[in-house]
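Let's walk through this fold together, one packing contact at a time. Please have the model open beside the text.

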Amino acid sequence: MTMRTRNLGTTGPQVSALGLGCMSMSPAYGESDRTESIATIHAALDAGVTLLDTGDFYGMGHNEMLIGEALRSARAELRERALLSVKFGALRGPDGGWIGHDGRPAAVKNFAAYSLQRLGVDHIDVYRIARVDPDVPIEETVGAIAELVEKGYVRHIGLSEAGAANIRRAAATAPIVDLQIEYAIITRDIEREILPTTRELGIGITAYGVLSRGLLSNTFTRDRQLAPTDFRAHSPRFQGDNLQRNLDLVEALRKIADGKGVSVAQIAIAWALSRGEDIVPLVGAHSRERLTESLGALDVTLDAADLAAIEEAVPADAAAGARYPAAQMASLGTEQ
């Protein structure tokens with residue numbers, strides 16, 4: 001396996017072809033193992049992964065502290081190659097519930113101060129609001145991050161789950177290196193308007209959810225029971241008939257994967273890699289075993305016939321159910 005590199009947009013840093021999404025290392029998809037999570041971050045860095053993605057609201061700060069611990073305990077050469085992408089602005093209550101978003105300039109700076117402390121670093125490589133605050137013009141939020149860039153606390157400005165109009169407004173305010181957004185074989189909404197916009201503006205994509213929260217894998221079975229604390233227990237795509245229809249799509253994809261001697265997850269990651277040099281997939285491995293499987297996708301080559309077979313097996317709008325519960329879908333705005 002050879003780790004390739006890509007650029008985050010036309011003005012962003014060079015990063016590994018795959019990034020490590022660390023959300024699953026904090027309670028989100030059930031229980032997590034701190035020791036294994038730290039070992040997985042070390043293994044990712046050792047394999048050449050440079051981009052580590054987190055959010056200050058993942059486990060209400062737990063995820064940032066975990067990454068900070070992993071960086072402190074990593075070998076110096078590994079620690080130095082890490083590039084941190086941090087999302088902020090999502091508000092949570094003591095019970096873990098979601099209570100809104102805050103993109104006010106003062107809040108942006110406050111969030112950054114706490115993230116720097118929890119991560120144990122003097123700067124954040126890519127800083128982005130998790131969802132555009134509907135009550136604050138995106139120009140004000142991005143302008144506040146730009147001030148952090150001027151003072152050296154942030155290196156680059158990113159966006160997350162923004163629609164085309166907000167992407168344009170943000171890019172007119174300050175240089176934007178990339179947009180983080182869900183993109184997978186069964187989640188291709190961005191191809192209609194958002195992806196053409198980012199490519200026009202020279203903005204890269206960090207694609208999360210490339211395995212559709214474990215759906216596109218060899219591990220999710222029809223009779224699997226999800227714990228109440230597992231995000232997927234409340235996701236429409238994992239409910240009732242929706243889940244059964246989506247697993248039918250996975251079975252169709254599995255036939256292609258079996259024909260190439262690889263796993264469904266590796267096909268899904270390889271597909272995301274095939275979509276363009278401006279796309280960096282985030283893999284959400286929370287164990288070294290899953291990380292090894294994900295990295296194996298770098299050795300999977302999809303030719304035109306393979307891509308046509310995937311398109312036939314899983315058409316662009318074939319997924320059943322929304323990717324988030326209704327309340328969270330509403331927070332994405334109407335632009336998408």
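This is a predicted model: local features need pLDDT of at least 70, side-chain atom pairs count only at pLDDT 80 or more; totals for chains, interfaces and linings use all residues.

Residues are numbered from 1 along each chain as its sequence is written, and side-chain values use heavy atoms, with hydrogens and water left out.

Helices here are DSSP runs of H or I with at least four residues, strands are E runs of at least two, and both are numbered from the N terminus. Two packed helices are described by the angle between their axes and the distance between the axes. For helix α8 (residues 240–260) and helix α11 (residues 304–313), the axes come within 9 Å and cross at roughly 160 degrees. (Axes are lines fitted to C-alpha atoms, for helices over the stretch in contact, with angles from 0 to 180 degrees between N-to-C directions.) That angle makes α8 roughly antiparallel to α11 (over 145 degrees; under 35 is roughly parallel, 65 to 115 roughly perpendicular and the rest oblique). On the α8 side, L249, A252, L253, I256 and K260 make the contact, and on the α11 side D306, A309, I310 and A313 (contact means heavy atoms within 4.5 Å). Seven of these residues are nonpolar, none is polar and two are charged (Ala, Val, Leu, Ile, Met, Phe, Trp, Tyr, Cys and Pro count as nonpolar, Asp, Glu, Lys and Arg as charged, and the others, Gly among them, as polar).

Turn next to helix α6 (residues 164–173) and helix α5 (residues 138–150), whose axes come within 9 Å and cross at roughly 40 degrees. This makes α5 oblique to α6, and the crossing is right-handed. I138, E139, V142 and G143 of α5 meet N166, R169, A170 and T173 of α6; by class, three are nonpolar, three polar and two charged.

Helix α6 also packs with helix α7 (residues 194–201), the axes coming within 9 Å and crossing at roughly 15 degrees. That makes α6 roughly parallel to α7, again with a right-handed crossing.

Finally, look at the strands. Eight of them close into a barrel, in the order β3-β4-β5-β8-β9-β10-β11-β12, with parallel pairing (two strands pair if DSSP finds at least two bridges between them). Neighbouring strands of this sheet are turned by 30 degrees against each other on average, direction ignored. Strand β4 (residues 51–55) is joined to strand β5 (residues 83–88) by five bridges, and D53 has S85 as its bridge partner in β5.

Conventions
A crossing is left-handed if the near helix is turned anticlockwise from the far one by less than a right angle, and right-handed if clockwise.
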